[in-house]
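Work through the exercises below with the sequence and the model open. Try each task before reading its solution.

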Amino acid sequence: MFDFINISKRFKTDFWVKPVIALDSVSFKLQPGTITGFLGANGAGKTTCLKILLGFISQDSGQIEFSNRLGLGLKKFEKIGFFPERPYFYPDLTGREFLEFMGQITNVEKTRRNKNIGMWSAKLKIDQALNRKIRAYSKGMLQRLGLIAAIIHDPELIILDEPMAGLDPIGRKEFKDIFVQLWKEGRTVFFSSHIVSDIEEICSKVIVLEKGKALYQGDIDRLLLSGQSNEEKWELKTNNYINSIGIHKPIQILENKATFQFNKQEVKEVLKYISENNVEIQSLSCLRPSLEEIIYKIKS
Ligand SMILES: Nc1ncnc2c1ncn2[C@@H]1O[C@H](COP(=O)(O)OP(=O)(O)O)[C@@H](O)[C@H]1O
Ligand SMILES: [Mg+2]
């Protein structure tokens with residue numbers, strides 16, 4: 001979809017202060033037809049990359065090559081949808097007026113505009129609120145409105161900066177379902193996040209940014225599993241108190257609940273114990289590495 005080539009960017013805030021190196025020769029490629037995650041801690045440089053990509057600010061050096069399928073010159077922005085990290089909404093417009101406006105400036109004709117507004121607002125359950133002024137919207141509703149605004153013109157490439165920040169678990173799930181739906185329709189989705197599990201759940205590809213450098217790009221499975229599949233940790237939480245499973249002692253006991261951790265190879269043995277001893281399971285899950293662990297692993 002695009003090729004981000006050796007992009008560097010420094011911010012100078014004051015004459016006397018040393019400039020901040022936000023991006024240091026960052027290169028990556030976005031594969032068409034994927035959901036790709038842009039993973040990095042706060043301050044890694046994700047927003048700066050996206051702002052440069054969309055032309056809101058300019059890079060100090062490096063270049064961006066967009067694929068021809070997006071069209072040439074400014075034309076390509078008709079095929080790109082963007083959800084900013086801090087969207088601005090006109091508080092005196094109603095939700096519907098705002099979406100109408102966004103549809104008009106992206107050249108969506110009336111019938112398609114109405115169809116898309118109706119479909120997405122119903123899907124995101126804000127259809128009942130569309131005639132209310134935006135100032136009365138909750139944070140979650142604003143985010144849903146922002147998502148619809150980003151996709152109202154059926155873009156081929158959808159870029160979202162921390163789209164799920166501040167959403168409750170239901171909202172996160174709704175957003176992820178929509179990203180998957182858009183991808184199934186053949187669109188390319190690229191979103192930033194600092195939460196590994198959000199990216200892991202729906203992305204096949206990931207680009208990892210740390211302190212202004214691109215550390216990794218490629219398959220997410222390879223990143224999460226490589227070199228550690230045998231060390232994979234599993235966790236069992238029980239709803240009744242058990243003082244041991246084989247050689248394993250609980251790592252945590254809360255009233256009458258216990259938590260155990262064990263390796264992948266021990267899962268079968270634990271399952272056998274569970275079925276033979278009437279253990280009430282609260283959850284059994286594979287523990288995923290944290291962002292810090294992932295970055296540590298890439299570097300080592
Ligand atoms: N307009 C700006 N002026 C000065 N510093 C900035 C500006 N924008 C970003 N930065 C700095 O650049 C770095 C990267 O920021 P950002 O791209 O927002 O990271 P992320 O989106 O990954 O959290 C941070 O150190 C941030 O403070
Ligand atoms: Mg950011």
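Predicted model: local features only at pLDDT ≥ 70, side-chain atom pairs only at ≥ 80, totals over all residues.

Residues are numbered from 1 along each chain as its sequence is written, chains are lettered from A and ligands numbered from 1 in the order in which they are written, and side-chain values use heavy atoms, with hydrogens and water left out.

**Exercise 1. Nonpolar cores**

Solution: 
1. A nonpolar core is a set of buried Ala, Val, Leu, Ile, Met, Phe, Trp, Tyr and Cys residues joined through side-chain atoms within 4.5 Å. Buried means under 20% relative accessible area, exposed over 50%, and partly exposed in between (1.4 Å probe, protein chains only).
2. The largest core has 45 residues. L99, L145, L147, F179 and F191 have the most contacts inside it.
3. Helix 4 (residues 139-151) gives the most to this core, with seven residues. Helices (H or I, at least four residues) and strands (E, at least two) are DSSP runs, numbered from the N terminus.
4. Now take L99. Beyond residues up to four places away in sequence, L99 touches I117, L130, L145, I148, A149 and I152.
5. A second, separate core has 24 residues, including I7, L30, L50 and L209.

**Exercise 2. An arginine in a helix**

Task: Is R113 buried or exposed?

Solution: 
1. Locate R113 in helix 3 (residues 110-123).
2. R113 counts as buried because its relative accessibility is 8%.
3. List its partners, leaving aside neighbours within four places in sequence: E100, G103, Q104, V108 and I152.

**Exercise 3. Pockets and a cavity**

Task: Describe the linings of the largest pocket, the second largest pocket and the largest cavity.

Solution: 
1. Set the rule. On a 1 Å grid over the protein atoms alone, a cavity is a set of points where a 1.4 Å probe fits but cannot get out, and a pocket is an open set with protein on both sides within 12 Å along at least five of seven lines; lining residues have an atom within 4 Å of a point. Grid points are joined across faces, edges and corners, and a volume is the space filled by probe spheres set on the points.
2. The largest pocket holds about 530 Å³. Of its 21 lining residues, F82, M102, I105, T106 and A149 lie nearest its centre. Helix 2 gives the most to this lining, with four residues.
3. The second largest pocket holds about 250 Å³. Of its 17 lining residues, N42, G43, A44, G45 and T48 lie nearest the centre.
4. One cavity of 30 Å³ or more is counted. The largest cavity has a volume of about 50 Å³. Its lining is E162, P163, M164, A165, R172, S192, S193, H194, I195 and D198.

Conventions. Contact = heavy atoms within 4.5 Å.
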